[in-house]
Amino acid sequence: MLELALVGTPSAGKSTFFKAATLKDVKIASYPFTTLEPNEGLAYVSTKCPCGELKINCKKCIEGTRFVPIKIWDIAGLVPDAHLGRGRGIAFLDDVRQAKALIQIIDISGKTDLEGNPSEGFDSSIAIEMLEKEITYWMFDIFNRDWKKVQHLGTKDFLESLETRFSGLGISKDHIAKAFGAANLNKENFKNFSESDCLRFVIELRKLSKPSIIAANKYDAIMTDAQASAIGIEKIKKKYPDKITITVSADIELALREAHKHGIIKYMPGSSSFEILKEIDEKHKKALDYMKKYLEKHNTTGVQEILNKAALELLDLIVVYPVADENKYTDSKGELLPHAHLIKRGTTVKDFASSIHTDFVEKYVGAIDARTKRKISDKFILSHNDIVKIMLRH
Ligand SMILES: Nc1nc2c(ncn2[C@@H]2O[C@H](COP(=O)(O)OP(=O)(O)OP(=O)(O)O)[C@@H](O)[C@H]2O)c(=O)[nH]1
Ligand SMILES: [Mg+2]
């Protein structure tokens, strides 16, 4: 299953975001390095369920919105010079290894600095640069490790040694090939690469293999518009025009999801409102009023938007539904559209089948597009919301 990692400075709100997204009980506190060991959980990407269009009631979606699981990691805070061992150091970076994309949590309220200590008006955009620099230098150290030894190799062996070295970081052959292109370097000429050429290559490799989205968290702590413009979400967007930046209140999302879980309100993640279901005391009413006002002003808390954009835009994933009966859209037990899979755009139906179960590689005999009821070729490239029957040899 694909993975997202929450990264950022200490106390930026990673665990709060994680708890809001997974409802797993993890430790949250205002002192730095509250989280030491990584927390793993399932978050959900929301997408329109095809059951409405097919006029069936799948019972798997909520009012037409399907929530598809994606693995998420909450990890320790990152401080400057982590790649040299500061803070949680390399251990932190090791936790980033398997992530396909990063959600950079920054404290847009400016009330904590790079070390997670209390501050006022801190420019949190610095945290974005710092984080990228640390990941780059961590990768650069790995790149440099046997640099002398590879000097006597031919290009083919050099590339193989790079692939082996980086395979543990979730970096593919394709990432490496594209990084040479993006850095404007000819791999045949690797023996003449200068140090700055190598660094440029590693920067491109990081961008390709660990793309990131920015969650400008604690937006609720910015009370007035004057304060908001001083902190400058627009400034961040201007500084990082290629990145998706979304304002977030993980704190409000967590409170809303917990209130929903306890039956106090009806709230669907990602929505711009909620409904109060129970009589509540004055204190709770005041808190809910405050959250309602936040939603009215900002539309959503941003948590669901971050998860959706990280999966569907940054990683370019699509949702595909495998079924056993192409006429009824059911599995072998008669359940309607029981499974939704997040897969990379461009995946062929045969590769999709192999990703469901290793057995399917051998047993695959063909596939049917359940919408058209037509047989599709092995090389058929799946689209978002496709429903397919995979035919297997018994
Ligand atoms: N106002 C506000 N406070 C928040 C928000 N998210 C987190 N906090 C607070 O920020 C503090 C740190 O939150 P954590 O979630 O523990 O932060 P972290 O990034 O996991 O911190 P470390 O594990 O120490 O790296 C806590 O006091 C949270 O209640 C938010 O959206 N708004
Ligand atoms: Mg934490």
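Let's start with Ser-11, which touches Ala-29, Ser-30, Tyr-31, Pro-32, Thr-112, Gly-116 and Lys-218, leaving aside residues up to four places away in sequence; contact here means heavy atoms within 4.5 Å. Ser-11 sits in the loop between β1 and α1, where helices (H or I, at least four residues) and strands (E, at least two) are DSSP runs numbered from the N terminus. With a relative accessibility of 16%, Ser-11 counts as buried. On this scale, buried is under 20% relative accessible area, exposed is over 50%, and partly exposed is in between, using a 1.4 Å probe and protein chains only.

A quick word on the ground rules. This is a predicted model, in which local features need pLDDT of at least 70 and side-chain atom pairs count only at pLDDT 80 or more, while totals for chains, interfaces and linings use all residues. Residues are numbered from 1 along each chain as its sequence is written, chains are lettered from A and ligands numbered from 1 in the order in which they are written, and side-chain values use heavy atoms, with hydrogens and water left out.

Next, the metal. Ser-15 (OG) and Thr-35 (OG1) coordinate the magnesium ion (ligand 2) at 2.0 to 2.1 Å. This pair links distant parts of the chain: Ser-15 belongs to helix α1 (residues 14-22), Thr-35 to the loop between α1 and β2 (39-48), and they are 20 residues apart. Both Ser-15 and Thr-35 are buried. Donors are N, O and S atoms within 2.8 Å of the metal (3.2 Å for Na, K and Ca), and water is not among the atoms, so sites may look incomplete.

Now for the charges. The model has 23 salt bridges, each defined as a side-chain nitrogen of Lys or Arg within 4 Å of a carboxyl oxygen of Asp or Glu. One of them joins Lys-71 to Glu-3, with the closest N and O atoms 3.8 Å apart. Because Lys-71 lies in strand β3 (residues 65-74) and Glu-3 in strand β1 (residues 3-8), the pair ties together parts that are 68 residues apart in sequence. Lys-71 is partly exposed at 22% relative accessible area, whereas Glu-3 is buried at 13%.

Another salt bridge brings Glu-129 and Lys-239 together at 2.7 Å, N to O. Glu-129 is in helix α4 (residues 125-144) and Lys-239 in helix α10 (residues 233-239), so this pair connects parts 110 residues apart in sequence.

Asp-174 and Lys-178 also form a salt bridge, at 3.1 Å from N to O. Both are in helix α7 (residues 173-182), 4 residues apart, or about one turn of the helix. Salt bridges that share partners also join Glu-3, Glu-40 and Lys-71 into one network.

Finally, the sheet. Five strands make an open sheet in the order β10-β9-β13-β11-β12, with mixed pairing; two strands pair if DSSP finds at least two bridges between them. The edge strands, β10 (341-344) and β12 (374-376), each pair on one side only. From one strand to the next, the twist averages 45°. Strands β11 (residues 364-369) and β13 (residues 386-392) pair in the antiparallel sense over 5 bridges, and Tyr-364 stands opposite Leu-392 in β13. Helix α14 (residues 349-356) lies across β9 (317-323), β10, β11, β12 and β13, running at about 75° to β13. Axes are lines fitted to C-alpha atoms, for helices over the stretch in contact, and angles run from 0 to 180 degrees between N-to-C directions.
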